[in-house]
Every structure is written in C-alpha cells, then in structure tokens.
Amino acid sequence: MISSRLRQAAVAAAFVAAYVALDRVSFIHSINALNITPWNPPPGLGLALLLLAGARVVPLVFAGALAADLAVRGLPGPWWAAVGADASMALVYGVAAALLRRQAHFNPHLPGLRDVFWLLAATVVAAGAAAVAYVGFYRAAGLVASDLLGPAMVRYWIGDMIGIAVLTPAILLLRQWRRPSRRVVAEASAQAAALAAALWLVFGLG
C-alpha cells in the first residue's frame, strides 16, 4: 500500500515537472506575458494523461498548469484569475476526455483512423472552449485589452490545437512500446528530430 502511494506520488511529481518544463520551453512570442503562445504543448501532455487515467486526474492537470504559471510567469495577474483560468482549462479537457472515452468509445491505443479522427475533432472543440474560458478570466482581470480579446482567443485556440496534435498521439503511441526494434527506434528518432527542426524553423527564427 505504501509503495503504491509512493509510486503514485512520484508519477504525479514527474507529471508536474514535465508540464512545467514543456511550458518553459514553449513560452515564446507570448501575449501580455500570458500562456498564449503560437504552440502550447502542455495541454497535450494533460489530455494524454486524462485519456489514460480518467477524470480523477483533473486536479493533477490543474496543479501542473498552476505550477507552470508560478514557475514560468510568476502569476501574471491576480491569483483568482490564474486559478480560474487553469481550473477551467483542466475541466474542459477533462470533460473532452470523458466524452471521448464514454460516448465516442475512443481507444487510446489509436488502432485506426476512427480514433485519430475523434481525437482531432475533440481537440478542435475543446481547445476552442478552453480558449474562451482561459482568456475570459484574464480579460475579467483587466490583463487583456478589448481589442486583443478576439486575437488572444484565436491564438490560444491554435496554440493548444497544435500542441495537442503534436504531443498527445505521440504519448499514446509511445506508451504502448515494450521492446521496439532498432528500425522502429531509428524511425521514431528521425521523426522526432524532423519535428523538432520544423518547430525551431517556424518558431525559433524571428
């Protein structure tokens, strides 16, 4: 029992650390020092965990997002805005994961195009809802000007969609590996390097 709890605590700590690390490396070209960037991979990590573990990890996703706000941005605004924005984001993706698992009968092993389609469709809708809620809290706190409200929501929406589309399927597929062949490892490494190069070219050069 104790070893099981220790293992769960270690996994939770590793998740929060990974969430913060992803947020830090992707914190570029931000609007008003908020978590609104051209691509936002942390929700991809959170959604993958929600799809694998269910709604019970929604508080953990919230904790990761709040820890990232503290570590990367130092809470860019009043505490209630950060708590509300991060909680709404975690809740939106928690609901999306629950609907995928229960209503769409989504298979996290991604065995066919049907599951990939449902994942991408849910991502588009959930990222839009998360954008409205997240930016709405910071707008209420006076950190987003009225003329930037629409662009900020669109940018958050696109950033989350890109982050989830890149990271969530990769995590779901990599989790299935047990003893991959050298060829599979080489191909995956080459694809990861190509993806990293593409992201650097798009977001790192100017």
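Start with helix α5, whose buried residues are Asp 115, Leu 119, Ala 122, Thr 123, Ala 126, Ala 127, Gly 128, Ala 130, Ala 131, Tyr 134, Val 135 and Tyr 138. Keep in mind that you're looking at a predicted model. Those buried residues pack against α2, α3, α4 and α6. How far apart are the end C-alpha atoms of α5? They sit 40 Å apart, and since 28 residues at 1.5 Å a residue should span 40 Å, the two values agree. Just after α5 comes Gly 142, with a positive phi of about 80°.

Now zoom in on Asp 115. Its side chain meets that of Arg 114 in a salt bridge, at 3.6 Å from N to O. Side chains of opposite charge can pair when their charged atoms come close. A search of the whole structure turns up 1 salt bridge.

An α-helix has 3.6 residues a turn, so residues three or four places apart point the same way.

The structure holds 4 aromatic pairs. One of them joins Phe 15 and Tyr 19 in a tilted arrangement, 5.8 Å centre to centre with 55° between the planes. These two residues are 4 apart in helix α1, so about one helical turn separates them. Phe 15 is buried at 8% relative accessible area, and Tyr 19 counts as buried at 4%.

Which residues touch the most other members of the largest nonpolar core? Of its 47 residues, the answer is Phe 15, Leu 51, Tyr 93 and Tyr 156. Helices α1, α2, α3, α4, α5 and α6 each supply at least two residues of this core. The largest share, 10 residues, comes from α4.

Helix α4 runs over residues 79-102 and also holds Asp 86. Is Asp 86 buried or exposed? With a relative accessible area of 2%, Asp 86 is buried. Leaving aside residues up to four places away in sequence, Asp 86 touches Phe 62, Ala 65, Leu 66, Asp 69 and Tyr 134.

How values were computed. Residues numbered from 1 in each chain as written. Predicted model: local features only at pLDDT ≥ 70, side-chain atom pairs only at ≥ 80, totals over all residues. Heavy atoms only, no water. Buried < 20%, exposed > 50% of the residue type's maximum accessible area, 1.4 Å probe, protein only. Contact = heavy atoms within 4.5 Å. Core = buried A, V, L, I, M, F, W, Y, C linked by side-chain atoms within 4.5 Å. Salt bridge = Lys/Arg side-chain N within 4 Å of Asp/Glu carboxyl O. Expected span 1.5 Å × (residues − 1). Phe/Tyr/Trp six-rings, centres within 6.5 Å; stacked < 30°, edge-to-face > 60°.
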